[in-house]
Amino acid sequence: NVELITNGFDADDFAGIKPIRTDKFTIQHIGVVDELRDPRSVMLAIRELIAQDATRMAEFNIEFVGSVNTEFQNWVKADTALTPITAFKSYVPHQELLSLYARTDLQLLVLAKTALAPGNLPGKFFEYLASGKPILAIGPVDGDAASILSDTQAGKIFEHDDISGIKQFLLGQFEYWKNDGGMKNKGNFKYSREYLTSQLIQLLESL
């Protein structure tokens with residue numbers, strides 16, 4: 001018999017953090033970008049949206065916070081459409097990171113492209129859930145992250161090569177933002193550490 005208790009988030013960390021209306025549609029990725037965690041499909045989808053309507057360039061803002069490999073940075077810098085709207089930032093203290101969630105409109109999660117990806121649940125994924133902001137995930141559509149996103153209605157996941165699907169989701173979120181709306185996470189309380197601890201207590205008491 002197997003019982004699974006996932007990682008989670010500390011609800012107290014997010015107390016008092018209130019969403020801020022952004023001047024630009026802000027997409028944020030937190031963590032590592034490397035050969036296995038490559039967000040190029042998202043960037044290509046954004047470039048297509050800008051090509052369809054050049055005015056969108058002034059309304060998009062993409063931020064990568066954390067360790068980003070030089071190859072990807074150079075690839076972005078070589079693109080005249082993506083360079084003006086993309087910023088790279090080094091690691092920031094956790095408390096400062098929490099405040100970034102308040103001014104983010106869409107959170108980007110890129111799962112490593114490996115055989116273990118279907119079971120990969122990064123710690124930041126649970127903070128994404130806690131923030132209440134919608135999530136755009138790239139990875140297996142039949143994995144654990146996909147199941148949680150479906151359960152919480154917190155966002156959507158796409159395969160790495162599904163640029164068309166990613167583009168349509170981005171466009172929908174962009175339009176929500178323009179109309180001061182957007183997706184809201186639902187049911188994420190069961191991924192709080194308080195709730196997960198109560199599950200552990202129940203499990204221990206049942207033995």
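With 207 residues, a compact globule would have a radius of gyration near 17 Å, and the protein agrees with this at 17 Å. The radius is taken over C-alpha atoms, and the globule rule is 2.2 Å times the number of residues to the power 0.38. The C-alpha trace spans about 60 × 40 × 30 Å along its principal axes.

This is a predicted model, in which local features need pLDDT of at least 70 and side-chain atom pairs count only at pLDDT 80 or more, while totals for chains, interfaces and linings use all residues. Residues are numbered from 1 along each chain as its sequence is written, and side-chain values use heavy atoms, with hydrogens and water left out.

The protein has seven helices and six strands, which are DSSP runs numbered from the N terminus (helices H or I, at least four residues; strands E, at least two). Their order from the N terminus is β-α-β-α-β-α-β-α-β-α-β-α-α.

| Helix pair | Axis distance | Angle |
|---|---|---|
| H1 (residues 40-52) and H2 (residues 70-77) | within 12 Å | roughly 5° |
| H4 (residues 123-131) and H5 (residues 144-152) | 12 Å | about 10° |

Axes are lines fitted to C-alpha atoms over the stretch in contact, and angles run from 0 to 180 degrees between N-to-C directions.

The angle of H1 and H2 makes them roughly parallel (angles under 35 degrees). Arg40, Met43 and Leu44 of H1 meet Glu71, Phe72, Trp75 and Val76 of H2, where contact means heavy atoms within 4.5 Å. By class, this contact has five nonpolar, no polar and two charged residues. Ala, Val, Leu, Ile, Met, Phe, Trp, Tyr, Cys and Pro count as nonpolar, Asp, Glu, Lys and Arg as charged, and the others, Gly among them, as polar.

H4 is likewise roughly parallel to H5. Phe125, Phe126 and Leu129 of H4 make the contact with Ala145, Ile148, Leu149 and Thr152 of H5. The contact of H4 with H5 has six nonpolar residues, one polar and no charged.

Definitions and conventions. Parallel < 35°, antiparallel > 145°, perpendicular 65-115°, else oblique.
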